[in-house]
Amino acid sequence: MEEQELIASLQKDDTRSFSLLLDTYQKPLYWHIRGIVKNHEDADDVLQNVFIKVYKSIKNFKGDSKLYTWLYRIATNESLTFLKKRAKQAQISSEELQDRIIDNLESDVYFTGSDIQIALEKALSQLPEKQRLVFQMKYYQDMKYDDISEILGTSVGALKSSYHIATKKLTSILTQD
(Lines give C-alpha, C1' and ligand atoms only; values in the text may rest on other atoms or scores of the structure.)
Protein backbone atom coordinates (compact mmCIF):
# COMPACT_ATOMS: atom_id res chain seq x y z
CA MET A 1 0.00 0.00 0.00
CA GLU A 2 1.35 3.41 -0.97
CA GLU A 3 1.84 5.98 1.79
CA GLN A 4 -0.98 8.25 0.55
CA GLU A 5 -3.39 5.30 0.43
CA LEU A 6 -2.37 4.26 3.93
CA ILE A 7 -2.89 7.78 5.26
CA ALA A 8 -6.31 8.04 3.58
CA SER A 9 -7.35 4.68 5.04
CA LEU A 10 -6.08 5.64 8.49
CA GLN A 11 -8.02 8.89 8.33
CA LYS A 12 -11.18 6.85 7.61
CA ASP A 13 -10.63 4.77 10.80
CA ASP A 14 -9.78 1.62 8.86
CA THR A 15 -8.58 -0.86 11.52
CA ARG A 16 -6.66 -2.97 8.97
CA SER A 17 -4.65 0.10 8.01
CA PHE A 18 -3.86 0.81 11.64
CA SER A 19 -2.72 -2.81 12.02
CA LEU A 20 -0.49 -2.34 8.98
CA LEU A 21 0.89 0.86 10.50
CA LEU A 22 1.63 -1.03 13.74
CA ASP A 23 3.25 -3.92 11.89
CA THR A 24 5.42 -1.55 9.90
CA TYR A 25 6.50 0.92 12.57
CA GLN A 26 6.15 -0.73 15.98
CA LYS A 27 9.60 -2.32 16.08
CA PRO A 28 11.64 0.57 14.62
CA LEU A 29 9.82 3.11 16.81
CA TYR A 30 10.37 0.91 19.87
CA TRP A 31 14.13 0.88 19.22
CA HIS A 32 14.15 4.62 18.55
CA ILE A 33 12.34 5.26 21.84
CA ARG A 34 14.48 2.71 23.67
CA GLY A 35 17.57 4.58 22.48
CA ILE A 36 16.26 7.69 24.21
CA VAL A 37 14.69 6.32 27.42
CA LYS A 38 17.06 3.29 27.68
CA ASN A 39 14.65 1.10 29.65
CA HIS A 40 12.48 -1.64 28.10
CA GLU A 41 9.38 -1.05 30.24
CA ASP A 42 9.58 2.71 29.78
CA ALA A 43 10.03 2.27 26.02
CA ASP A 44 6.93 0.06 25.89
CA ASP A 45 4.92 2.67 27.82
CA VAL A 46 6.08 5.51 25.60
CA LEU A 47 5.45 3.46 22.45
CA GLN A 48 1.89 2.80 23.57
CA ASN A 49 1.41 6.55 24.16
CA VAL A 50 2.83 7.26 20.70
CA PHE A 51 0.34 4.99 18.94
CA ILE A 52 -2.54 6.37 21.00
CA LYS A 53 -1.51 9.88 19.99
CA VAL A 54 -1.13 8.82 16.34
CA TYR A 55 -4.58 7.17 16.38
CA LYS A 56 -6.18 10.28 17.87
CA SER A 57 -4.44 12.77 15.61
CA ILE A 58 -4.09 10.99 12.24
CA LYS A 59 -7.18 12.80 10.97
CA ASN A 60 -5.27 16.07 11.36
CA PHE A 61 -2.22 14.83 9.46
CA LYS A 62 -1.90 17.14 6.45
CA GLY A 63 0.90 15.34 4.66
CA ASP A 64 3.34 18.25 4.92
CA SER A 65 5.96 15.69 5.93
CA LYS A 66 6.38 11.99 5.33
CA LEU A 67 4.34 9.71 7.58
CA TYR A 68 7.62 8.14 8.73
CA THR A 69 9.10 11.43 9.95
CA TRP A 70 5.79 12.47 11.54
CA LEU A 71 5.72 9.23 13.54
CA TYR A 72 9.33 9.65 14.60
CA ARG A 73 8.72 13.27 15.61
CA ILE A 74 5.85 12.14 17.84
CA ALA A 75 7.99 9.30 19.27
CA THR A 76 10.90 11.66 19.94
CA ASN A 77 8.71 14.28 21.61
CA GLU A 78 6.88 11.68 23.71
CA SER A 79 10.22 10.19 24.82
CA LEU A 80 11.65 13.56 25.82
CA THR A 81 8.43 14.52 27.61
CA PHE A 82 8.52 11.20 29.47
CA LEU A 83 12.09 11.82 30.62
CA LYS A 84 11.31 15.38 31.72
CA LYS A 85 8.32 14.16 33.74
CA ARG A 86 10.41 11.39 35.28
CA ALA A 87 13.11 13.90 36.30
CA LYS A 88 10.51 16.28 37.73
CA GLN A 89 8.85 13.47 39.72
CA ALA A 90 12.23 12.48 41.17
CA GLN A 91 13.02 16.17 41.74
CA ILE A 92 16.33 15.90 39.93
CA SER A 93 17.83 17.47 36.82
CA SER A 94 17.62 15.82 33.42
CA GLU A 95 21.38 15.24 33.60
CA GLU A 96 21.07 13.44 36.94
CA LEU A 97 18.27 11.32 35.51
CA GLN A 98 20.47 10.38 32.54
CA ASP A 99 23.21 9.31 34.96
CA ARG A 100 20.77 7.14 36.91
CA ILE A 101 19.38 5.56 33.75
CA ILE A 102 22.86 4.68 32.51
CA ASP A 103 23.87 3.33 35.93
CA ASN A 104 20.81 1.04 35.81
CA LEU A 105 21.67 -0.29 32.34
CA GLU A 106 24.09 -2.88 33.68
CA SER A 107 21.37 -4.45 35.83
CA ASP A 108 18.68 -4.26 33.12
CA VAL A 109 17.86 -7.83 32.03
CA TYR A 110 16.76 -6.52 28.63
CA PHE A 111 20.09 -4.80 27.95
CA THR A 112 22.43 -7.18 26.17
CA GLY A 113 25.24 -4.79 25.37
CA SER A 114 28.89 -5.34 26.11
CA ASP A 115 31.18 -3.28 28.32
CA ILE A 116 32.02 -1.23 25.23
CA GLN A 117 28.32 -0.51 24.63
CA ILE A 118 27.89 0.57 28.26
CA ALA A 119 30.93 2.85 27.95
CA LEU A 120 29.42 4.39 24.79
CA GLU A 121 26.05 4.86 26.53
CA LYS A 122 27.77 6.56 29.48
CA ALA A 123 29.67 8.82 27.08
CA LEU A 124 26.46 9.61 25.16
CA SER A 125 24.73 10.58 28.39
CA GLN A 126 27.30 13.36 28.80
CA LEU A 127 26.29 15.02 25.53
CA PRO A 128 23.67 17.76 25.34
CA GLU A 129 20.23 16.40 24.42
CA LYS A 130 20.25 17.57 20.80
CA GLN A 131 23.71 16.17 20.06
CA ARG A 132 22.74 12.90 21.71
CA LEU A 133 19.56 12.63 19.61
CA VAL A 134 21.33 13.48 16.37
CA PHE A 135 24.10 10.98 17.09
CA GLN A 136 21.65 8.21 17.96
CA MET A 137 19.51 8.80 14.87
CA LYS A 138 22.48 9.00 12.52
CA TYR A 139 24.82 6.40 14.03
CA TYR A 140 22.44 3.76 15.38
CA GLN A 141 19.48 4.16 13.04
CA ASP A 142 21.38 5.34 9.96
CA MET A 143 18.76 8.02 9.25
CA LYS A 144 19.28 10.55 6.51
CA TYR A 145 19.97 14.12 7.58
CA ASP A 146 16.87 15.30 5.69
CA ASP A 147 14.69 12.97 7.76
CA ILE A 148 16.37 13.94 11.03
CA SER A 149 15.85 17.57 10.02
CA GLU A 150 12.10 17.00 9.64
CA ILE A 151 11.90 15.06 12.91
CA LEU A 152 13.83 17.56 15.02
CA GLY A 153 12.86 20.72 13.14
CA THR A 154 16.48 21.75 12.61
CA SER A 155 18.42 22.58 9.46
CA VAL A 156 20.56 19.90 7.84
CA GLY A 157 23.65 22.08 8.29
CA ALA A 158 23.05 22.41 12.02
CA LEU A 159 22.49 18.65 12.28
CA LYS A 160 25.75 17.88 10.48
CA SER A 161 27.53 20.24 12.83
CA SER A 162 25.88 18.65 15.88
CA TYR A 163 26.83 15.18 14.69
CA HIS A 164 30.43 16.23 14.05
CA ILE A 165 30.71 17.86 17.48
CA ALA A 166 29.08 14.82 19.13
CA THR A 167 31.56 12.42 17.51
CA LYS A 168 34.48 14.60 18.59
CA LYS A 169 33.20 14.78 22.17
CA LEU A 170 32.53 11.02 22.27
CA THR A 171 36.00 10.27 20.96
CA SER A 172 37.49 12.54 23.60
CA ILE A 173 35.43 10.98 26.42
CA LEU A 174 36.10 7.41 25.32
CA THR A 175 39.85 7.87 24.88
CA GLN A 176 40.49 9.50 28.26
CA ASP A 177 42.73 7.50 30.55
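Predicted model: local features only at pLDDT ≥ 70, side-chain atom pairs only at ≥ 80, totals over all residues.
User: What covers the buried residues of H2?
Analyst: Helices H1 (3–11), H3 (40–57), H4 (67–90), H5 (94–105) and H7 (129–140) are among the cover. Contact means heavy atoms within 4.5 Å, and helices are DSSP runs of H or I with at least four residues, strands runs of E with at least two, numbered from the N terminus.
User: Which H2 residues are buried?
Analyst: Among them are Phe 18, Leu 21, Tyr 25, Leu 29 and Ile 33. Buried is under 20% relative accessible area, exposed over 50%, partly exposed in between (1.4 Å probe, protein chains only).
User: Where does H2 bend?
Analyst: At Tyr 25, by about 45 degrees, and Pro 28 follows within four residues. That bend is the angle between axes fitted to the seven residues ending there and the seven starting there.
User: And what follows H2?
Analyst: Lys 38, with a positive phi near 75 degrees.
User: Zooming out, how many helices and strands does the protein chain have?
Analyst: Nine helices and zero strands.
User: How much of the chain is buried?
Analyst: Buried residues are 44% of the 177.
User: What share of contacts with a separation of 6 or more comes from residues 24 or more positions apart?
Analyst: They account for 59%.

Methods:
Residues numbered from 1 in each chain as written. Heavy atoms only, no water.
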